[in-house]
Amino acid sequence: MSITKSQDKTDHLQALGKGGETTYQLDGPHSGILETFPNNYPNRPYIVSVEFPEYTSLCPMTGQPDFGVIIVEYIPKERIVESKSIKLYFFAYRNHQSFMETIANTMLEDFVEALDPLWCRVKGLFSPRGATTLHVFAEHFDTGADNLDEIKVIVSEWKQEASRHSS
């Protein structure tokens, strides 16, 4: 049996590690953790959705852990984010103290910086604390995109789908 390989350009990626080694960056989250590779279909608007159900960070007031599900959705332009680097990025929040609203907006800024997407949304679905559930949605559109109207229609239809993460 022969092995085939796609046209994905991956030689520069580091997050997957050499020889199975992974480097965890626990000194705090930043956009530099997010590794990207070229989008092979930049002329086709499509949605990438990543769900991370094991998110943790720390409350900036009490130091108590906060838990949640983070969902990042985006329409790529020229770049795609490599999935292991996304996990490493989220792991960098484990010892990070910040309010949930700040976390979702910082994540959005980091993904926009790393990807320059046509559209991106970060959904922070945080677990209840003190009988209060908090969900934070932060969104970005590339308002200079030539096909902005088409992108808005695609995003609107995506948001109306009932079970976006199930088959």
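**A walk through the model**

Mentor: The side chain of Ser 57 makes a polar contact with the side chain of Tyr 55, at 3.1 Å. A polar contact is a pair of N or O atoms within 3.5 Å; within protein, one must be able to donate a hydrogen and the other to accept it, and residues adjacent in sequence count only if both atoms are side-chain atoms. This is a predicted model, where local features need pLDDT of at least 70 and side-chain atom pairs count only at pLDDT 80 or more, while totals for chains, interfaces and linings use all residues. Residues are numbered from 1 along each chain as its sequence is written, and side-chain values use heavy atoms, with hydrogens and water left out.

Trainee: Where is Ser 57 found?

Mentor: In strand β2. Helices (H or I, at least four residues) and strands (E, at least two) are DSSP runs, numbered from the N terminus.

Trainee: And is Ser 57 buried or exposed?

Mentor: Ser 57 counts as buried because its relative accessibility is 1%. The cut-offs: buried means under 20% relative accessible area, exposed over 50%, partly exposed in between, with a 1.4 Å probe and protein chains only.

Trainee: What is Ser 57 in contact with, leaving aside neighbours within four places in sequence?

Mentor: Gln 64, Pro 65, Asp 66, Tyr 93, Arg 94, His 96 and Ile 103. Contact means heavy atoms within 4.5 Å.

Trainee: Switching to rings: how many aromatic pairs are there?

Mentor: A search of the whole structure finds 7. One of them is Phe 52 with Phe 90, a tilted pair at 4.8 Å centre to centre and 35° between the planes. This pair links distant parts of the chain, as Phe 52 is in strand β2 (residues 48–58) and Phe 90 in helix α1 (residues 83–91), 38 residues apart. Rings of Phe, Tyr and Trp (its six-membered ring) pair if their centres lie within 6.5 Å; planes under 30 degrees apart count as stacked, over 60 as edge-to-face and the rest as tilted.

Trainee: Which residues form the aromatic cluster?

Mentor: Phe 52, Tyr 55, Tyr 89, Phe 90, Phe 91, Tyr 93, Phe 111 and Phe 126 form one cluster. Phe 52 and Phe 90 are both buried.

Trainee: What about the largest nonpolar core, how many residues has it?

Mentor: It has 31 residues, and those with the most contacts inside it are Met 107 and Phe 111. The largest share, 8 residues, comes from α2. A nonpolar core is a set of buried Ala, Val, Leu, Ile, Met, Phe, Trp, Tyr and Cys residues joined through side-chain atoms within 4.5 Å.

Trainee: What does Met 107 touch, not counting residues up to four places away in sequence?

Mentor: Tyr 55, Ile 70, Tyr 89, Phe 90, Tyr 93 and Val 122. There's also a second, separate core of 8 residues, including Leu 118 and Trp 158.

Trainee: Where does Asn 147 lie?

Mentor: In the loop between β6 and α3 (148–160). Asn 147 is partly exposed because its relative accessible area is 24%. Pro 45 and Leu 118 are what Asn 147 touches, not counting residues up to four places away in sequence.

Trainee: Last one: how many disulfides does the structure hold?

Mentor: 0. A disulfide is a pair of cysteine sulfur atoms within 2.5 Å. Cys 120 is buried, with a relative accessible area of 0%, and Cys 59 counts as buried at 10% relative accessibility.
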